[in-house]
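Please read it with the sequence and the model open alongside.

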Amino acid sequence: MRFGHAEELRAEFPELVAGVVYGAVAGGFGRGDGGGDGAGVGVGAGDGAGAELAARIAAYTDIARRRLTAGTEGEFPEVRAWRRTYTRLGLRPTQYRCASESLLRRLRREGSLPRIHPVVDLCNAVSVAYAIPVAVLDVDRIAEPWLQVRRAAGDETYTAFGGGTEHPAAGEVTFADSAGRAHARRWTNRQSGYSAVGAKTRRVLVVAEGVHETAAADVGELTAAVEGELARLWGVAPKAAVLAGAGAEFVFGE
């Protein structure tokens, strides 16, 4: 499987830096003891592992809380850069927020993040700590041999979390696989329910994207953090890379 960004998109946004991590667990990544937003943080490896994961999530979330004491998420350079990007795409940045801004906004207003799935909960916490949008996809729900971030043709199929079907407008940036299925809307705004990580997920692809001035360093640090956490908490041997510039591509899979 191959992941990358269309050359036209790279040319349009040369400041873009992406961090990518692939990990696999034969028995699956496990879930907590609940479903939906009430899912717990167990990793399917006993109470000790669940407690360690909870501690790591709390540590990353606390970093974000400390940043929010100095100002709102809209003042963060990482978020401001995505707002400028959305404006260039013809979108209202306060109507369609990048994923990290939405999570930070929720954390500031409600004091906590939603509980969805252990891997997603971890990556959401990492996302708010770095204020960089992070997507987590179930690899087995992506049509091989490639997944590309590109402008939509308009005939791609997107499955919402509520189960409805949508078609990204022509020109909208999406994650599209080789079968024409869209796995995101408005670039980093909203993932698809089709490839969302679930109870049976055994292979994940984590993608972080930054467009701010220090994205190269920050995305690299974030990527190393996710790689380390997947190895520590799930015992996997992740594969990771930081993609920047023309022709950058990540090859992964079993």
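1. The structure is a predicted model. The remarks that follow should be read with that in mind.

2. Helices α5 and α6. Two packed helices are described by the angle between their axes and the distance between the axes. For helix α5 (residues 118-130) and helix α6 (residues 215-234), the angle is about 150° and the axes lie 11 Å apart. The two helices are therefore roughly antiparallel, as angles over 145 degrees are counted in that class. The crossing of α5 past α6 is right-handed.

3. Residues between α5 and α6. On the α5 side, the contact is formed by P118, V119, L122, C123, V126 and Y130. On the α6 side, the contributors are D218, E221, L222, A225, V226, E229, L230, L233 and W234.

4. Helices α4 and α5. Helix α5 also packs against helix α4 (residues 99-110), where the axes come within 9 Å and cross at roughly 90°. The pair is therefore roughly perpendicular, since that class covers angles from 65 to 115 degrees. S100, L103, L104 and L107 of α4 meet N124, S127 and V128 of α5. This contact divides into 4 nonpolar and 3 polar residues, and no charged residue takes part.

5. Residue V136. V136 belongs to strand β3 (residues 134-138). Is V136 buried or exposed? Its relative accessible area is 5%, so V136 is buried, the cut-off for that class being under 20%. Leaving aside residues up to four places away in sequence, V136 touches V119, V120, C123, Q191, S195, V197, V204, L205 and V206. Among these neighbours, V119 and C123 also take part in the contact of α5 with α6. V204 is 68 residues from V136 along the chain, yet the C-alpha atoms of the two are separated by 6.6 Å.

6. Cysteines. A disulfide is a covalent bond between the sulfur atoms of two cysteines. How many disulfides does the structure hold? The number is 0. C98 is in no disulfide, and the nearest cysteine sulfur to that of C98 belongs to C123, 16 Å away. C123 is likewise in no disulfide, its nearest cysteine sulfur being that of C98.

7. Backbone features. Most residues other than glycine have a negative phi, and most peptide bonds are trans. Which residues are joined by a cis peptide bond? They are E144 and P145, with omega at about 10°. P145 is located in the loop between β3 and β4 (146-151). A positive phi of about 50° occurs at R186, which is not a glycine. W187, also a residue other than glycine, has a positive phi near 60°. R186 lies in the loop between β9 (184-185) and β10 (190-191), and W187 is found in the loop between β9 and β10 as well. R186 counts as buried at 13% relative accessibility, and W187 counts as buried at 1%.

8. R2 is part of strand β1 (residues 2-5) and is partly exposed, with a relative accessibility of 39%. Which residues does R2 touch, apart from those up to four places away in sequence? They are P145, W146, L147, E249, F250, V251 and F252. P145 in this list is the residue whose bond to E144 is cis. R2 and Y86 are 84 residues apart along the chain, and their C-alpha atoms are separated by 26 Å. E8 is placed in helix α1 (residues 7-12) and is exposed, with a relative accessible area of 61%. E8 and V149 are 141 residues apart in sequence, while their C-alpha atoms are 10 Å apart in space.

Methods: Residues numbered from 1 in each chain as written. Predicted model: local features only at pLDDT ≥ 70, side-chain atom pairs only at ≥ 80, totals over all residues. Heavy atoms only, no water. Axes fitted to C-alpha atoms, helices over the stretch in contact; angles between N-to-C directions. Helix = DSSP H or I, 4+ residues; strand = E, 2+ residues; numbered from the N terminus. Parallel < 35°, antiparallel > 145°, perpendicular 65-115°, else oblique. Left-handed = near helix turned anticlockwise from the far one by under 90°. Contact = heavy atoms within 4.5 Å. Buried < 20%, exposed > 50% of the residue type's maximum accessible area, 1.4 Å probe, protein only. Disulfide = S-S within 2.5 Å. Nonpolar A, V, L, I, M, F, W, Y, C, P; charged D, E, K, R; others polar.
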